[in-house]
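Please open the model in your viewer and keep the selection panel at hand. The tour below goes from one selection to the next and says what is found at each stop.

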Amino acid sequence: MEVQNQGRLNDSRAMRWGALAIVAFTMMAAYYVNDVVAPLKTMLEADLGWNSSEFGFFTGAYSFLNVFFLMLIWGGLILDRFGIRFTGKLATILMVLGTGLEYYAMTNMAGTTDTIMGYKESVFVASAGYSIFGVGAEVAGITVTKMIAKWFRGKEMATAMGVQVALARVGSQAAYGVSIPLARAYEITTPVLLGLICLVGGLIAFFAFSVLDKKLDRQIEAEVNNESEEKFSFKDVKYILSNPGFWLIALLCVLFYSCVFPFQKFASELMISKYGIDESVAGFFVGLPALGALFLTPVFGGMVDKKGKAASIMMLGAAMLIGVHFIYSLPFITNSFIAIVLMIVLGIAFSLVPSAMWPSVAKIFPAHQLGTAYALIFFIQNIGFWGIPTLIGAVLNNYCVIGKVDGANLYDYTLPMCIFTGIAVLSLLVAFALKIADKKFGYKLEEANIQK
């Protein structure tokens, strides 16, 4: 068998890492589009007439279809039934179509007074496009994870996953860095158009990857006694949902990430209005957590592999998150240097928790349940991605308006930051409960992944 495996495409280091680079580009484009509108909140209010409630509705729309129509779960079923190539192409096409609809709404429908379900027509249609994009982006994320497991099985799988996540953060950092300058230099929708172009390139890249993946499948099928993969089964759901570790990981995931990604959607405006940071660089500083994750996530992942202490690391990251949001909530601290330092600390926490959390899932569940477990965790995570931005937008619009500047509302972010602080406290309590459960049920989260 060993001799037969020498001919596999993924036995070549250059080929497997090259395949990863191709799909990583697609995910970089997805992360760029996901974050590119966030720094434009104030400009959307001034130029397109949006308010904070509408911006929160738009931001939460990313997860609407995934949460209320279970599209993420269906995406997992399609992935296991039809494979990586079909699902990846479908997901990327959805991202292109959704972003195209979002761009159309912001350009051709801007200024219309018609409403749909109480929201401006342009806001509603842009939100629908963003929701379609969200389905594609989440399904693409699961697909790429399965692609790495396939191409790197028995090789540098953990490293490859860390690198892919780190590279995706480049897209986020680019979005926060170029969004406002591009909008000021050209049109407010120019950053979205750039993302659409990148996604078309990502679609082409995934078609190119499919050629390689099809060749690898032929090589695998030609081998004797090839083991078939376990498929997603609803019977696995019962066992997963009855595992206390699942609920603790899922709750920690939704609470922790709800303090990061939804916060970043509003953070550019916070930096500009409260800390006096110039709008041309505010997005760059908001993107620092993504930039930090690029370098730190693989480093912390290596530490977990060699030293363990995953549960303790998750507690540390959650505690750091509390400190960040609590200081942001203090109205008398308005120093821009402190605001930037807090973003750096947020970036460290943002690297610590994921580097420990995702490998922990593989310790709690057997291999044949991993796909189901990840899909369910992502589904619960999307509830936070939908609910928290909607909540923050409504709070800002109803309770935090303190004036107007150049046609846009000026907000006091004290109450929203107190909400984020409370969510971070809950994440620490869940992380502590996970550490207790680790001792009780023997998940071995504190043990090193690499056994000596």
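For the helix angles that follow, axes are lines fitted to C-alpha atoms over the stretch in contact, and angles run from 0 to 180 degrees between N-to-C directions.

Before selecting anything, colour this predicted model by pLDDT, which averages 88 over the chain, with 93% of the residues scoring at least 70. Residues 1-5 stay under 50, and for them the model has seven contacts beyond four places in sequence.

Next, select helix α11, residues 244-258, together with α16; the two pack at an angle of about 160 degrees, with their axes 11 Å apart. Because angles over 145 degrees count as roughly antiparallel, α11 is described as roughly antiparallel to α16. The crossing of these two helices is left-handed. Show side chains at the contact, to which α11 brings Gly 245, Ile 249, Leu 252, Cys 253, Phe 256 and Tyr 257, while the residues from α16 include Phe 350, Val 353, Trp 358 and Ile 364. Sorted by class, this contact holds 13 nonpolar, two polar and no charged residues.

The contact of α14 with α16 comprises 15 nonpolar, six polar and no charged residues.

Terms used:
Residues are numbered from 1 along each chain as its sequence is written. This is a predicted model: local features need pLDDT of at least 70, side-chain atom pairs count only at pLDDT 80 or more; totals for chains, interfaces and linings use all residues. Side-chain values use heavy atoms; hydrogens and water are left out. Ala, Val, Leu, Ile, Met, Phe, Trp, Tyr, Cys and Pro count as nonpolar, Asp, Glu, Lys and Arg as charged, and the others, Gly among them, as polar. Helices (H or I, at least four residues) and strands (E, at least two) are DSSP runs, numbered from the N terminus. Angles under 35 degrees count as roughly parallel, over 145 as roughly antiparallel, 65 to 115 as roughly perpendicular and the rest as oblique. A crossing is left-handed if the near helix is turned anticlockwise from the far one by less than a right angle, and right-handed if clockwise. Contact means heavy atoms within 4.5 Å. pLDDT is the predictor's confidence in each residue, from 0 to 100.
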